Amino acid sequence: MNASKKIILFDGVCNLCDRSVQFIIKHDTADLFRYAALQSEIGQKLTSERGIDTANVDSIILIEPGLAYYIKSDAALQIGAHLKGYRTLSKFFKLFPLGFRNLIYDFVARNRYHWYGKKEACMVPTKELRAKFLT
């Protein structure tokens, strides 16, 4: 793993999460992020090493190797802060208290399968995108 890359762990069977990853890839002009499904072997290893309980955090996690990890709304806003055109929006939402942001985040996370659907298996990246995914 390249320590200069930030790792996004996502729910590999969630359609909203899949669309979010596709959005991030499209707007990650600095090629800063790498991706892995929470359900994958590497996703389970990375969460276990950090003591993250995926029963409580099961939608998105951002890991900055050797530095920190972020969950829920903090993860989403940290990711947005690195995407061209979304830095200001991330800064704006960080003005709201963490508890309020996570309340909204948890509401969406609880309903994501109902609203956006669920896949039977994790997405398989195209040949062009495969290098961005950890295995």
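## Overall size and burial

For a chain of 135 residues, a compact globule would have a radius of gyration near 14 Å, and the chain, at 14 Å, agrees with that expectation; the radius is taken over C-alpha atoms, and the globule rule is 2.2 Å times the number of residues to the power 0.38. This is a predicted model, in which local features need pLDDT of at least 70 and side-chain atom pairs count only at pLDDT 80 or more, while totals for chains, interfaces and linings use all residues. Residues are numbered from 1 along each chain as its sequence is written, and side-chain values use heavy atoms, with hydrogens and water left out.

Taken along the principal axes, the C-alpha atoms of the chain fill a box of roughly 40 × 35 × 30 Å. Buried residues (under 20% relative accessible area, with exposed meaning over 50% and partly exposed in between, for a 1.4 Å probe and protein chains only) make up 44% of the 135 residues. Of the contacts in the chain with a separation of 6 or more, 68% are between residues 24 or more positions apart, where contact means heavy atoms within 4.5 Å.

## Order of elements and the sheet

The chain has five helices and four strands, and from the N terminus on its elements run β-α-β-α-β-β-α-α-α. Helices (H or I, at least four residues) and strands (E, at least two) are DSSP runs, numbered from the N terminus.

The four strands form an open sheet of order 2-1-3-4 with mixed pairing, two strands being counted as paired if DSSP finds at least two bridges between them. Strand 2 (33-37) and strand 4 stand at the edges and have a single partner strand each, so one side of each is left without a neighbour in the sheet. Neighbouring strands of this sheet are turned by 20° against each other on average, direction ignored. Helix 2 (residues 41-49) packs on the sheet, where it touches strand 1 (6-10), strand 2 and strand 3, and its direction makes about 110° with that of strand 1; such angles run from 0 to 180 degrees between N-to-C directions, and the axes are lines fitted to C-alpha atoms, for helices over the stretch in contact.

Strand 3 (residues 60-64) and strand 4 (residues 68-71) pair in the antiparallel sense over four bridges. Within this pairing, Leu62 stands opposite Tyr70 in strand 4, and Glu64 stands opposite Ala68 in strand 4. The two strands form a hairpin with three residues between them, and Gly66 in the turn has a positive phi of about 80°.

## Helix packing against helix 5

Two packed helices are described by the angle between their axes and the distance between the axes. The axes of helix 3 (residues 72-80) and helix 5 (residues 98-116) come within 8 Å and cross at roughly 95°, which makes helix 3 roughly perpendicular to helix 5; angles of 65 to 115 degrees count as roughly perpendicular, those under 35 as roughly parallel, those over 145 as roughly antiparallel and the rest as oblique. Lys72, Ser73, Asp74 and Leu77 in helix 3 meet Leu98, Arg101, Asn102, Tyr105 and Asp106 in helix 5. The residues of this contact divide into three nonpolar, two polar and four charged, with Ala, Val, Leu, Ile, Met, Phe, Trp, Tyr, Cys and Pro counted as nonpolar, Asp, Glu, Lys and Arg as charged, and the others, Gly among them, as polar.

Helix 1 and helix 5 pack at an angle of about 100°, with their axes 8 Å apart, and are therefore roughly perpendicular to each other. Asn15, Leu16, Cys17 and Arg19 of helix 1 make this contact with Val108, Arg112 and Tyr116 of helix 5, and these residues divide into four nonpolar, one polar and two charged.

Lys132 is found in the segment after helix 5 and, at 17% relative accessibility, counts as buried. Although 125 residues separate Lys132 from Ile7 in sequence, their C-alpha atoms are 9.7 Å apart in space. Leaving aside its neighbours within four places in sequence, Lys132 is in contact with Ile25, Asp31, Arg34 and Tyr35.

Asp31 is found in the loop between helix 1 (15-27) and strand 2 and, at 26% relative accessibility, counts as partly exposed. Most residues other than glycine have a negative phi. Phi of Asp31, however, is positive, near 50°, and Lys72, likewise not a glycine, has a positive phi of about 50°. Lys72 lies in helix 3 and counts as buried at 17% relative accessibility.
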